[in-house]
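Take a look at the structure below. This report covers its salt bridges, its surface and its cavities.

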Amino acid sequence: MNFKYFATLLLPGVIGLFVSPCLHADEESFSLSGFLTQGVFYTDNNNVYGESDDSPSFDFHEIGLNTAYRFTPALRGAVQVMSRQAGQVDNGEPQLDYALLDYRFSDSTGASYGVRAGRLKVPFGFYNETRDVAFTRPSIMLPQSLYFDQARNLELSIDGAILYGSVEVPGGWLDLDLLYGSPKTDTNVEYAYLAMDAAGTFEDSEGYMARMIYNVDSGRIRIGTTVAEYRLSYKPGAPGAPVWNEFNEGDLKLNVAMLSAQYNTANWSLTGEYMVHDIDWTELGGIYSVRPKTPLTSYYLQVQYRLNYNWDLLLRYDDLVLDGNDPLGKRNSLLFPKQAHSFYAQDVTLGVGWQPNPDWLFRAEIHNIKGTGWAAEQDNTDPASLTKYWNIFALQATYRF
């Protein structure tokens, strides 16, 4: 079953069912909240979130408004609309971030489970479901090797259904999520996986995902795994489209396996995630005929220290290799018109956060980077001008209500 057309019927119904009772809801069953985030980015080479090279870029903001309503003790609904400006990658146009109905079959002490349907946040790793809310992420920029902003819409939400549950097991509890639906595809996904704005488009796509997280001692230790398979169906453009950016009709196949681990104390959090991301261009052909399959590998290791309730420090190493068979990018640079450092990125991040009260959060961070594997083509239109070594200086302010 493809959810693209199902969602066309489902989402208006979800929103209509949700909005009508909300107009007469009491405070116990209805909630309304939102957030505003503004970022400033400066780089000594290359661009990130706008023209940041040697001049500050203010082309980054996130504005979200969300509501939730409880129809019955077992049934609730939630909707969020969001505007995101991120240089040339996102233009700030308001988008329906999620719109869902959540029915819980059981909510006992030892086990709870239910189903969500509509436009859903994708349960990927530790941070994906709340990556747009600055208060729930440990840094201004999440590790780009796994939480790839250039393909953010593909990773972030999906039109479909999730079966979820939480079961008490020896030593703690187990969280489970099973997902099927139609992922969101747009021009940014073409840039991320085809390295260009292709003549055709991705349509009729589908995805499967399963995530399991084992929580020990009230979340002191968390160990998780995520596996996923996406098939993005490519439809060629109209006859006469430029040959250089066209591909055959067929599926781009994406397979992901991810391991996640976290150790928490009152002051420290140690987090690491490792991902193998197999990309199969075989059916599309075109320029990828010379390299039809690629094993992308990535990982990060992160330490967060909470000085007190208001202040925290972060240190992270983030590593991305776009082709595990060519970690230095030398062979790929001969096959494609890109420099070798365009096929990997190693990022060391140092950050500090200050939360003076529950409603405000300020962050600052420095990134020292070798390689440009996740530098967005939309903000760096001349690949030949990309520099191997570069630094990012970032500031961010967030207010929630």
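A residue counts as buried under 20% relative accessible area, as exposed over 50%, and as partly exposed in between. Tyr399 has a relative accessible area of 30%, so Tyr399 is partly exposed. This tyrosine is found in strand S17, residues 389–400. Keep in mind that this is a predicted model.

**A nonpolar patch on the surface**

Tyr399 belongs to a nonpolar patch on the surface. Which elements give two or more residues to the patch? They are strand S1 (30–43), strand S2 (57–70), strand S14 (311–321) and strand S16 (360–370).

**Salt bridges**

Side chains of opposite charge can pair when their charged atoms come close. How many salt bridges does the structure hold? The count is 20. Three of them are set out here.

| Salt bridge | Closest N and O atoms |
|---|---|
| Asp149 and Arg131 | 3.0 Å |
| Lys235 and Glu249 | 3.1 Å |
| Lys253 and Glu283 | 3.2 Å |

Start with Asp149, which forms a salt bridge with Arg131. Asp149 lies in the loop between strand S6 (111–121) and helix H2 (152–156), and Arg131 lies in the loop between S6 and H2, so the pair ties together parts that are 18 residues apart in sequence. Are these two residues buried or exposed? Asp149 has 13% relative accessibility, so it counts as buried. Arg131 has 4%, so Arg131 counts as buried too.

Next comes the salt bridge between Lys235 and Glu249. Lys235 sits in strand S10 (residues 221–235) and Glu249 in the loop between S10 and strand S11 (250–264), so this pair joins parts 14 residues apart in sequence. Lys235 is partly exposed, because its relative accessibility is 25%. Glu249 is exposed, because its relative accessible area is 52%.

Lys253 is partly exposed, at a relative accessible area of 22%. Glu283 is partly exposed as well, at 35%.

Some salt bridges share partners. Such bridges join Glu62, Arg84, Asp90, Arg131, Arg137, Asp149 and Glu155 into one network.

**Cavities**

How many cavities of 30 Å³ or more are there? The count comes to 2.

The largest cavity has a volume of about 130 Å³. It is lined by 14 residues. Val48, Tyr49, Asp149, Trp374 and Ala376 lie nearest its centre. The lining of the largest cavity divides into 9 nonpolar, 3 polar and 2 charged residues.

The second largest cavity holds about 100 Å³ of space. It is lined by 14 residues. Which of them lie nearest its centre? They are Glu62, Arg84, Arg131, Arg137 and Asp149. The lining of the second largest cavity divides into 6 nonpolar, 1 polar and 7 charged residues.

Now put the pieces together. Asp149 pairs with Arg131, is part of the salt-bridge network, and is listed among the residues nearest the centre of the largest cavity and of the second largest cavity.

Definitions and conventions: Residues numbered from 1 in each chain as written. Predicted model: local features only at pLDDT ≥ 70, side-chain atom pairs only at ≥ 80, totals over all residues. Heavy atoms only, no water. Salt bridge = Lys/Arg side-chain N within 4 Å of Asp/Glu carboxyl O. Helix = DSSP H or I, 4+ residues; strand = E, 2+ residues; numbered from the N terminus. Buried < 20%, exposed > 50% of the residue type's maximum accessible area, 1.4 Å probe, protein only. Patch = residues over 30% accessible without salt bridge, like charges linked within 9 Å, V, L, I, M, F, W, Y side chains within 5 Å. Areas by Shrake-Rupley, 256 points an atom, 1.4 Å probe, with all protein chains shown as cover. 1 Å grid on protein atoms, 1.4 Å probe; cavity = no way out; pocket = protein on both sides within 12 Å on 5 of 7 lines; lining within 4 Å. Points joined across faces, edges and corners; volume = space filled by probe spheres on them. Nonpolar A, V, L, I, M, F, W, Y, C, P; charged D, E, K, R; others polar.
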